[in-house]
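Take a look at the structure, then try each task before you read its solution.

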Amino acid sequence: MTTESTAFRLGSADREKIVAIVARHRGRRGPLIEILHDVQQSFGCVPDHAVPVIAHELNLSRADVHGVVTFYHHFRRSPPGRRVVRLCRAESCQAMDGRALEAYARQHLGICPGETTADGEITLEAVDCLGLCACSPAVMIGDEVHGRVTPERLDQLLQEAGTGKAL
Amino acid sequence: MTITVWVPRDAGALALGAEATARRLVAAAQASGKDVRIRRNGSRGMYWLEPLLEVECDAGRIAYGPVTARDVDSLLAAGMLQGGPHALRIGLIEEYPWLASQQRLTFARVGRADPLDLEEYVASGGYRGLRRALALGPAATVRAITDSGLRGRGGAAFPTGVKWQTVLDQPSGEKFVACNADEGDSGTYADRMLMEGDPFALLEGMAIAGVAVGAGQGYIYLRVEYPHARQALTAALERARAAGYLGDDVCGSGHRFDVELRIGAGAYICGEETSMLESIEGRRGEVRVRPPLPAQKGLFGAPTAVNNVITLASVPFILAEGADAYRDYGAAKSRGTLSLQLAGNVRHAGLVERAFGLTLRELLYDYGGGSASGRPIRAVQVGGPLGAYIPASEFDTALEYEAFAAIGAMLGHGGVVAFDDTADMLQLARHALAFCAQESCGKCVPCRMGSVRGAEALERVARGESRELNLAVVEEICDTMTHASLCGLGGMAPAPVLSALKHFSEDFRRPAAGG
């Protein structure tokens, strides 16, 4: 989240896409965060090169937009792996061996939360609460939720996610 | 004859395999030529039984659970569609003691109905509250809320009627209703269940708030971690608008009230009301200095009623049934019902809506069934990650705002997270400050710096370095954070730390691992 993304250059088509996204939200008040959601939906992240375009379209400074992008954990500045695996590490999941599950995931994937596997398949993220505290520990893969996840179950889910089989 | 089977679409049920169960049921029924209609409901909140299937029989809805896809064939063979016996048969769901002993006012429909069936919502008394509010007018509607004794269920427990009166008293002009659906506290999921299981109740509550304070526009600020609630709300908004319950002419009254859904971006601090307003306006979620209160100068500088999901969803009952009907529940200055959420290490985790006054022990053992691991419950954190850790010696405390304040704890949003005797309280205390450091908006020094330095000091304690000195540093930092932070994040993050130190000091003075 803190490193500058260099992998992403905007072509003119991309620029037009961003302008169109901003235009879609034109009538709304305070639309910046909604715009960033849509940009991230389209590009997988909010590329640094999108910031001046958005700023110009909204008549904001680049610093304003940059400040918002970097404030929120959800916005990323470089694209994630093909699958994003979110492990909950909040108290309820800790009470049900969530820390052991996280340790297992780190070891199994060879990456820490915030990192992506070398083959670009899986990005691991630690989150604080998915609202599934009645079935801790909880994991979210893409938009799919999973409760009472054991290391064995995580293996199975990662395998399905990694080989591209439908979850 | 078509047989109706209900399969929850609540995110918690889905996390336990409800979608696969539904798919298997459709396939198996088709293969055996049985005429089955699958309907989707919210969750009853009994998560140890999810996926919980309910079959409509002559006697009522007969439940089976937990039903995974693998159980479907044997259930069909056992005559589940006629309510037949099976090891997973729960019986008539409405008579199941865990549920029947509750007082579900706000959650009356959750788990019973199809959340997006507007006709069913209206047929079961929905929108009676809004019609009553339109007939009463603003002043009398606010009075009803004041008389009901309803206090903010998001955590601060501020009297809702007083807040609404403040907004109503501001000079007329643009005003807003803002619903805080940024339910980020660990151990809480009542907002999620309600939004997924009965979204019209929230929309009706917001419309009543709009009528009461004179607001024409509402916003729901929903956390991005809740995609299922987002789907439910998006669909419910469309249907409510199409049926005239939102829009330029609410119920033909001439009132304009509409609601826009805004999605958060993973910042815990945006659950703090002023930070949430900043975020809706498209800025960094930095807290605002109060005064002015949001009720005076809130969203886009206009008077704004900011309320939590459960607060707003409790409003239709109060208007429809009368302030007294709600006020009759509860004890002392805590009136009505509280939606408690059992989480963490408990056998029967789930939603318990009861009048205030139950003790923590009754909740943990009578409803929760003790720990999931079978080991003794050592500590309970109530009210989210900023709530105090409560030891077993205080489990007889009544679940009321004032009783909890008296033991230095808070009820907050009603989340109850249990830990067994393997919990490392020093580690949990360090986590509380590390969490605060990560989520601090950075605007005030006590929170921004105190959380970082406090967590570092606790790491040194864990390593056994100058233990007493570092513990003294932690206490001093906590004192500063408590008294000098701008908002509740820095102000309350010391609560789990100091309570852990007070009640579980042995964990802080254990020999360090490896010497």
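**Exercise 1.** How far apart do the C-alpha centres of domain 1 of chain A and domain 2 of chain A lie?

Solution. Before starting, note that this is a predicted model, where local features need pLDDT of at least 70 and side-chain atom pairs count only at pLDDT 80 or more, while totals for chains, interfaces and linings use all residues. Residues are numbered from 1 along each chain as its sequence is written, and chains are lettered from A and ligands numbered from 1 in the order in which they are written.

Step one: find the domains. Chain A has domain 1 (12-71) and domain 2 (83-162), with bounds from an automatic or database domain assignment. Step two: take their C-alpha centres, which are 30 Å apart.

**Exercise 2.** Which strands of the chain B sheet stand at the edges?

Solution. Start with the strand order: this open sheet of 5 strands reads β2-β1-β3-β4-β5 in chain B, with mixed pairing. Strands are DSSP runs of E, at least two residues, numbered from the N terminus, and two of them pair if DSSP finds at least two bridges between them. Now look at the ends: β2 (36-41) and β5 (89-92) of chain B each have a single partner strand, so one side of each lacks a neighbour in the sheet.

Notes
Helices (H or I, at least four residues) and strands (E, at least two) are DSSP runs, numbered from the N terminus.
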